[in-house]
Amino acid sequence: MNYKFATKAIHAGQEADPTTGAVMTPIYQTSTYQQKAPGDHKGYEYSRGTNPTRKALEDCLAALEKGKFGLAFSSGMAATDCVLRLLKPGDEVVTGDDLYGGSYRIFTKVYEPLGIVFKFVNTSDVDAVTAAITGKTKLIWVETPTNPTLKLADIEAIGRIAKEKGILYAVDNTFASPYLQNPLDLGADIVMHSVTKYLGGHSDVVMGALIVNDEDLYKLLWFYYNACGGTPGPQDSFLVLRGIKTLHLRMKAHCENGRKVAEYLKNHPKIEKIYWPGFEDHPGHEVAKKQMKDFGGMVSIVIKGADLAETFRVASGFKVFTLAESLGGVESLINHPATMTHGSIPKETREKVGVVDNLLRLSVGIEDADDLIADLEQALSR
Ligand SMILES: *Cc1c(COP(=O)(O)O)cnc(C)c1O
């Protein structure tokens, strides 16, 4: 489909059901499919590998990321795991030093013991990425903007290096969503999503996805997807299809509220530091302007002079924001990375990249911005 984003969000992968005309994709709640004779079937054999509701979602995800093939997983981590299965002992991976905590955990606690070598570098610095590459580097894994300090990596510049050296290049596009940024267009081979976040958008589903253009790569990933079996069920696939129908509207509202909240917090006397790529003095501002449609709804703040206890007091004092892990839902969330999402990263490692004890991460939702700002005002003045 050559349609624009909003049209694809509502229609891609979804046609009226051929048997009944149902406009919404049915929830094909079945594990198996009748065969007329062995091997004589309609393309569906067993739902671990293929399910029509999931297939509609995968086609929709592929269209939104301007890719040819989509694969949905039972979580973002299952999607990441599927990519890592392409590696063999001795292979090296160059990745960011400011990653989602769960990505850091699967790299260091699951795959490092199997003999895969991970090099953590500042992916905002293209030279640092280049310097870490050796003849054994098989994968570059980039997250941008990063979680939680919203550092930007130049997707296209890293893509040129990956291509030149023949290294597989994956981008975790969770924070931007396909509405704001399309890594495949900028040279990535694989786009990964925690669908749990903006794509699902309503904090009611855990799911992941991979989107690729290359058919051989798709087939290889599909092999592990089916062989290892971390695939989602039809109910969740339906919920995400429904969530995606408003992705463009939600993202516009997230960006608008993110901007208002960031601007309010920037000069607040209790704020020592604020991370939001929309500010001209944010180190990744130019890269963000180049590769993203807008600056997103994630804002991180450092509370001035606060110790852990005082930071906890602020984090627990909100009435509209909910203290919880995760992000990207319609409701505003506040998170304490050091003890929540990034609790699995050693203190020294996380502090090096700014995940200090008095850092709070806001996932700005789409409530009325005035209410969000009033809530921040009361929580910060306690
Ligand atoms: C949440 C998240 C993941 C992991 O996804 P799950 O759906 O929780 O398994 C990976 N990367 C980023 C950036 C995330 O925010």
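Begin by selecting the five strands β8, β9, β12, β11 and β10, which in that order form an open sheet of 5 strands with mixed pairing; two strands count as paired if DSSP finds at least two bridges between them, and strands (E, at least two residues) and helices (H or I, at least four) are DSSP runs numbered from the N terminus. β8 (271-275) and β10 (322-323) stand at the edges with a single partner strand each, so one side of each has no neighbour in the sheet.

Before going further, note that this is a predicted model, in which local features need pLDDT of at least 70 and side-chain atom pairs count only at pLDDT 80 or more, while totals for chains, interfaces and linings use all residues. Residues are numbered from 1 along each chain as its sequence is written, and side-chain values use heavy atoms, with hydrogens and water left out.

If you then pick lysine 273, you can look for its bridge partner in β9, which is valine 302.

**The ligand**

Select the ligand next, together with the 14 residues around it, of which Met77, Asp172, Ser194, Thr196 and Lys197 come nearest; a residue belongs to these surroundings if one of its heavy atoms lies within 4 Å of the ligand. To see where the shell comes from, colour α3 (76-84) and β6 (190-194), the elements that give two or more residues to it.

**Two helices**

Move to helix α10 (residues 247-266), whose 20 residues should span 28 Å at 1.5 Å a residue, which agrees with its end C-alpha atoms being 28 Å apart; the expected span is 1.5 Å times one less than the number of residues. Among the buried residues of α10 are Leu247, Met251, His254, Gly258 and Leu265, where buried means under 20% relative accessible area, exposed over 50% and partly exposed in between, with a 1.4 Å probe and protein chains only.

In helix α8 (residues 215-228), select tryptophan 222, which is partly exposed with a relative accessible area of 28%.

Most residues other than glycine have a negative phi, and most peptide bonds are trans. With that in mind, zoom in on the bond between threonine 144 and proline 145, which is cis with omega about -10°, and find proline 145 in the loop between β4 (137-143) and α6 (155-165). Proline 148 is also placed in the loop between β4 and α6, and a cis peptide bond, with omega about 5°, joins asparagine 147 to proline 148.

Finally, select lysine 66, in the loop between α2 (52-64) and β1 (69-73), where phi is near 55°, a positive value; at 43% relative accessibility, lysine 66 counts as partly exposed. Serine 177, in helix α7 (residues 177-180), has a positive phi near 70°, and at 1% relative accessibility serine 177 counts as buried.
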